[in-house]
Amino acid sequence: MAIRYALPNGLTVVFEEQHAAKVAAFQVWVKAGSADERPDQAGLAHLHEHMLFKGTERRGPGEIARDVESHGGEINAWTSYDQTVYHIVIASQFARTGLDILGDAVRRSSFDAEELAREIEVVCEEIKRSQDTPSRRASRDLFSTAYQVHPYKLPVIGTEQSVRSFTREKVLEFYHRHYTPKNLVLSVSGDLRESELREWVEDIFGGDWGRPYAGGVKRTDEPLPTGRRVLLRPDDVKEAWLHLSFGIPQADHPDTPALDVLAMIAGQGDASRLVREVKRRHNVANDVHAFAYTPRDPGLFSASLTTQPTHAARAIEETARVLATLRVTPVTAEELATAKALVEAEAVYQRETVQGVARKMGFYQSGMGSLEAEARYYEAVRGLTPEHLRSAAKRYLRFDRAVVTGLLPPGTDFTEAQVHALLDKVDREPTAAPPERKARKVPAGEPPMRIAKASASGPSDIIVEKLPSGATLVVRVEPAVPLFAMRAAFAGGLRYETPADNGITTLLTRCLTRGTPSHDAEDISHLIDAYAGSLGGQGGRNSVSLRGEFLSRHFEPAFRLFADCLLNPSFPEVEVARERTLLLQDILTREDKPSSVAFDLFGKTLYRSHPYRLPSLGEQASVETLTPEKLQAWHAAHMDPSQLTLSVVGDVKVDEVLALAREYFGASRGKAAPPPKVAVEPPPEAPREEKKVLARAQSHLVLGFPGARVGEPWRHALEVLSTVLSGQGGRLFVELRDKRSMAYSVSSFAIEGVDPGYFAVYMGTSPEKVDAALAGIRAELQRVRDEPIPEEELARAKQHLIGTHEIGLQRNGARAGLLAMDTCYGLGLDNFLHYADHVAAVTSKEVQEVARRVIDFNRGALTIVGP
C-alpha cells in the first residue's frame, strides 16, 4: 500500500514497500521541464539533467556515477516538456547511500564552470545524434507544426545555438527557481521499511534549502486551430515518415481515459484497426501506430506511420478512413472489453520492477496532483461505453483541424494539395462500416484484475525436467505479481545461416505468429490481446526463440496458443510474402540508422568466413529467395521438440506446467537435423579497416577484437574489463565524454558466441573529432593492457556488474530468458545461481591477462561510418 506525506519544507514523499527483490528505487520528480523555459533558456531543463551528476559540494566530477556503480546501482535521468526526473536503482543493502547520492545531486549541485563548458559540448553531440535519427526529425516537425505559440513547439533538447549561449549564471537562475522542495516529489519503492525511510529522508532532504518556491511558470496558451496545418518536406530518408494528428486535452481532462482506449483500439498491437487495415489488408504501411499524448497542457492524438514513398498518399487516406469510422460507428463490445483489460494489465506489468512502481507513483503525484488519480483513472476506464469512445472520436478527430506532417524521400510525389483533397474526400464519404472482424470467443466471466498479489512465499527452487522427446523444461515459481513468462529456445540463428539463406532466421521468427492450421494471423493477434500478453519470435546470433508473457489467470489458454505457434506455424503464402516485403524494406532503410550500419560493417570486417559476418536482417538477394517451403523445412530441421529448451517463470503451478509441457512437447516429430558444421574463424593476421561514407551529422566508429565463447571461464574477467571501461563511471566515459566532450555516447561490449564473439568499443562523435577520439580509445585500451586495474576501481566494476545483473532480473521475462538460453547453450543453472560468485572472484591480474589476450591492435577491426 502506497503512503504519501510531506516534509515541513514542502517536499512530497510517496513510498511503497516491495520485498520481492532486494532492490530499491529512488526517483526525484522536478515539476519543471522544457515548457517552463523562457525563450532564452531553450534546452536549459535538459542541460540540468546532465549537470546534476557532474559534481556537488561533497562529490567531485565523476564521483556520483562512480559512487552509485561501486554499490551495484544504476543512475540516470530524463527530461520532458513537463518534468525532469532523476533516478537511482540500487541493492537495498546500499539504499541509504543511493538516497544520499540522489539528495546531494538535487540539493547541492555545484555547476562548476569548466564542467559546464564540457557538458555543453556533450549536449551538442547529443543534438547532432538526434539530427541523424529520422523518428526524431519527424517528431520535431509534428510538434513545431501542431503548436504555434505554446512551448511544446520547441525541442526539449534545445538547439546548438541556444545551448552554447548558456552561462553558469543562467543555469543557477533556473536551478534556484525550480529545484526547491515544494516543486519536488520524491518517489520510493522497494525493499525498505517506512520507519527507516522517514528518518533518512528527513536527514537528507529536510530543513531549509534557502530557495523559496516562486510558483509555477505561466505558459502561453495555444489557441484552438482554425484549419488544417500541413508540413511535408524532402529529407534524406529511404521511406516516408508521416503523422496524421489532432489536438486533444491534457492529462487530467475527463476525456483522457476514452482517448487512451481509442488509441489502443485504433493503433496499438497487431489486432488494432490501423495495423489490420492499413498495414495488412491494404499493404500501404511498413509500420503504423496510434497514441494519445496527454501531457500537462493540451496534447495530441496521432497516427504515425512509415511507408514506401509511392504509398504515401494512399497510406494517409486509409489511415484517415479508419479514424473516420471511429467517429460514426461505436466500437464493438468485444474490442472495448479487450482494450480495457489491456489498459489494466499495463499496471500489473509495471509492478514487476521497483523502478516501474516508483515511476507510476511519481507520475501520478507530480503530474496528476495525487496518488488517488490512478484509481480514478482506472475507474473511468472501467466505466467506458462504446458511445463514450464514439463521442470522443467525433469531438477530437476532426479532419478540418488535422495536422499532417511528413519526411519524404527525394522525388516523392505527395503534396499539400493532395493532403487537403484526400482528407476532404474521406470526410465527405458516407458513414463507413467498421472493418469486419470474425466472431470469436472472448474469455468470459473473468474476475476483477488483481493489480498486485501479496505473497508471503518467495520464489521456488528451479525445477528441471527432461521430457521423453529430449526437450528440457525449466520452471521457477515467482508468485510476487500475477504474471508469467515463457521462453522456447533452440540452437540456430545467424550461426546456422549461409549467404544463400541469410535473413531466414529473422523472417521465420516474424512468421511464427502469422498463422497455424487452427488459427489465422488475425486470430492469433486477437488472442494475444485477449490474454493481455505479448508473443513473438526472436532470432539471435546463436539461437532462435519464441517468447511470451501473459497474465497468470490466462495460463492454460495462453500456454496452448504459445505451443501452437511454436509447433505448428503454417507459414501462409500471403503472410510470408507480406513479412518478406517488410523485411526487404527494413534492409533498404538500414542507412537511416548509422550506428547499426557501423556494427554491420564491423561484423563483415572482423569475420571473413564465419556466419557472424552476415547481417541479421539478411541481404536483399537472399531474402527475395525465401519461400514458405524453405521456412517450413528450416523449422522442421531445427525447431523440433527434441531440440527445445523451454523455461516458464512466474505465478504458475508446477504440476500444470509439467502436464501441458508433456502434452505438447513430449514427443519428437522425427525430422530434426544435426547442427551444421561451422568452421571457426581464424583471427585476423593484420589490422583491418573499412569506411562507409554516409551524409550524416555524426561519425560512428567501432573498434574491436575477437572475443570469448559463451562457456569460457575467462569471459567473466572480460565482462569486468568491459565494465571498467564502460558505464558512467567507466574510463571511456570519464576520459572521452566527461573530460574531453568528444561524444554523447561511448561504450564497450563483450559479446560472447557459441563460437568466439567479439570485444568492441563504439562511439558516435563529430566528424572532425574522429582522429582524436580513436587516439583516445586506443590509449585507454593500451592502458588496461599495460597497467593492473587498481583494487578500488576493480571493486566498483564487479559490484556494478553484480548489481545491474540483479536489477535486470526483476522481470519474469528476463529470468525466463536467462534460464532458457543458458540451458540451451549447455551452461545449466550456473549463471543464474552463481553469476555473482564468478564475478566477485575475478582478480586484477585476471583482468590484465584477458586485456592482453583480447586487445591486440595488430589483430583488430575498425569501421567508420559517416561523412
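Are Tyr175 and Tyr179 buried or exposed? I found that Tyr175 is buried, and that Tyr179 is buried too; buried is under 20% relative accessible area, exposed over 50% and partly exposed in between, with a 1.4 Å probe and protein chains only.

I noted that this is a predicted model, in which local features need pLDDT of at least 70, side-chain atom pairs count only at pLDDT 80 or more, and totals for chains, interfaces and linings use all residues. Residues are numbered from 1 along each chain as its sequence is written, and side-chain values use heavy atoms, leaving out hydrogens and water.

Next I looked up the rings. I recorded 26 aromatic pairs in the structure; rings of Phe, Tyr and Trp (its six-membered ring) pair if their centres lie within 6.5 Å, and planes under 30 degrees apart count as stacked, over 60 as edge-to-face and the rest as tilted. Tyr175 and Tyr179 make a tilted pair, at 5.3 Å centre to centre and 35° between the planes. I also traced a cluster in which ring pairs link Phe484, Tyr531, Phe550, Phe555, Phe559, Tyr664 and Phe665.

I then turned to charges over rings (NZ of Lys or CZ of Arg within 6 Å of the ring centre and within 35 degrees of the ring normal). Arg327 lies over the face of Phe399, 4.5 Å from the ring centre. Arg541 lies over the face of Tyr612, 4.0 Å from the ring centre.
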